[in-house]
Amino acid sequence: MTPTYYLLLSALLFTIGAVGVLVRRNAIVVFMCVELMLNAVNLSLVTFARINGSLSGQIMAFFVMVVAAAEVVIGLAIIMSIFRTRRTASVDDSNLLKY
Amino acid sequence: MSVISSVLLLAQEQAPLPVPSDTKVQAPSLGAVWPVLIVLGAACLGVLLEALLPRHLRWSTQVVLSLLAVVGAGIALVAYVSDAPAAGELAMKGTLAIDRPGLFLWGTLLALALGAVLLIADRSVEPGGAFVASAAIRPGTLQDRAQVTSTGMQTEVFPLTLFALGGMMTFCVANDLLTMFVALEVLSLPLYLMCGLARRRRLLSQESAVKYFLLGAFASAFFLYGVALLYGYAGSVRLSDISSAAAGTDRSDTLLFAGMGLLVIGLLFKASVGPFHTWTPDVYQGAPTPVTAFMAACTKVAAFGGILRVLQVAFESTQWEWRGVLWGVAIVSMVIGAVLGLTQTDVKRMIAYSSVAHAGFLLIGSIALTEKGLSGTLFYLLTYGFTTLAAFGVISLVRDSSGEATHLSQWAGLAKRSPLLAGVFTFLLLALAGIPLTSGFVGKFVVFEAAIADGMAPLVVVALIASAVAAFFYLRVIVLMYFSEPAADGPTVTVPGAFTTAAITLGVLVTLLLGLAPAFALDWAGSGAFAIH
């Protein structure tokens, strides 16, 4: 099986994630879609590491995981605090700042 | 036997390959990275102090530690600059390129951060500071009403500021895209949190944090996918390797340009350029004003430092393919900033749209890939940073009983209540508009001059029209302050304490000085190009 299929899969996952961010309304789900995009990138990195025959892509995937974990901590803290205030995590209800 | 010979043959074939660039690195020196190490070290120490010190000691300790860290990093920087190699050097296994533009950006960032830390530390304008006593208190509850008048504050703000500053400094000198990504997150994550920590109007503050976080994470995913595609293209994420791969190969251009496009989207988002600016007005308005000042000044400097390095080092050889696209982005950014700025009724949002327009001007300088374009953009960043810092410092002083009075109608007739504040703000607005004798004029002049010299005259014409439109909304505020009658229940102007006074004075003095005698700063900005290793 050629590595190109993995690149196509990764592009597909990235697109699903990006569309999800744009159309979903729940902040948690939006955030999960961002995580899906990051994981799609990981798949690309590992595939390119395989194609290029170098290890650095795999190492980069580890860096991405660590950064994504840090992002989860910050993101859930922020979403939690706004949920406790508003009793909803819908991004449509956060509409005080406009114009 | 044949296996051995083929292996030998393979070894011989591999021998003449170019030597990996980090073998060229001189003796590893820590001297170059001391400023970053000091800032990040102080940030870690600050986190420890939060855990170990009793509550009443934290504020004073953190303020002293943060100021010492910023000043100490500045001293380390000055000590290093005096004997730094003119061509720059690599540090940390070649992941950081410490060169003249990088050092200039570090100096700018540290000076701006000094002002921002002073604004963040101020407790004279609002008793207890602009930050919530405890972020866990739910807005609208009895506890929340009690914390508004309390003198406590969430002192984690100081280590967070230092972490963000360390990330920004690393971002400016990152020599490969992975380091750049990690630095991008180190600078962004603390800022997301700091946006949500306002003492008053907490719903707005939390909302700005959520918006900034979700959009920021979205943009960094794009940045990262760009990194992955460029890694697939060049087999390395080192900027110079991407440049040499792009200079002459038969590899697929799809990977290169798709990767570059996604990467640049991520960078333009951070710099709040053009169509990627949607977070800027909301976040600038909702975040506590000292944080907005820090974000507006320092993030802009760091993001454009990264854009300049990526464009000049990695994509210089393919500039004729991508330049037209960034022309379009610069025009969109200037038009959006100038036109939407006209319709704003909130002074913080107005400055936010002004920053979008300025990002367009900065992008013009960044795509002029010449020495003058580089030095002009660096100088513009310096001038813009100090003017914005002081402007937000002034905005934090106009208050009524519910906190800051940021609606423009509340600023009517302010000159009658406080001629000094109105005078200072007028001067800063004129600098943002680019009137002669202010630093804003010199900044615009050098950037536009470089752009014309590089054959971008039509873009400069658009920029001049956008500046003229933008000047209208700055002048409108000035007219409002001087020629309207103040409302009877209008806001009062707080007399600032030493910290805010120092920060505003710093910003105003630099704005004036760079307007009257810009030569020395222009010399620093033009003292060298990016190191390409």
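**Architecture of chains A and B in the predicted model**

From the N terminus on, the elements of chain A run α-α-α, where helices (H or I, at least four residues) and strands (E, at least two) are DSSP runs numbered from the N terminus. The C-alpha trace of chain A spans about 50 × 25 × 25 Å along its principal axes.

The model is predicted: local features need pLDDT of at least 70, side-chain atom pairs count only at pLDDT 80 or more, and totals for chains, interfaces and linings use all residues. Residues are numbered from 1 along each chain as its sequence is written, while chains are lettered from A and ligands numbered from 1 in the order in which they are written.

Of the 99 residues of chain A, 32% count as buried; a residue is buried if 20 or more other C-beta atoms, placed from the backbone, lie within 10 Å of its own, exposed if 12 or fewer, and partly exposed in between. Among contacts in chain A with a separation of 6 or more, 49% join residues 24 or more positions apart, a contact being a pair of residues whose C-beta atoms, placed from the backbone, lie within 7 Å. An unreviewed UniProt entry lists residues 6–23, 28–49 and 61–83 of chain A under "transmembrane region"; such positions are given in the numbering used here, with feature names shortened, and annotations may be inferred rather than shown by experiment. Residues 6–23 of chain A are 100% helix and 0% strand, with end C-alpha atoms 26 Å apart. Residues 61–83 of chain A are likewise 100% helix and 0% strand, and there the end C-alpha atoms are 32 Å apart.

At the interface, 32 residues of chain B are in contact with 33 residues of chain A. Two or more residues on the chain B side come from each of helix H7 (177–195), helix H8 (202–234) and helix H11 (279–286) of chain B. H8(B) gives the largest share, 18 residues. The chain B side comprises 20 nonpolar, 7 polar and 5 charged residues, with Ala, Val, Leu, Ile, Met, Phe, Trp, Tyr, Cys and Pro counted as nonpolar, Asp, Glu, Lys and Arg as charged, and the others, Gly among them, as polar.

Beyond neighbours within four places in sequence, B:Cys298 is in contact with B:Leu109, B:Leu112, B:Ala113, B:Ala116, B:Leu165 and B:Met168.

B:Ala330 is placed in helix H13 (residues 319–342) of chain B and is buried, with 27 other C-beta atoms within 10 Å. Not counting residues up to four places away in sequence, B:Ala330 touches B:Gly360, B:Leu363, B:Ile364 and B:Leu459.

Key: Two residues are in contact if their C-beta atoms, placed from the backbone, lie within 7 Å.
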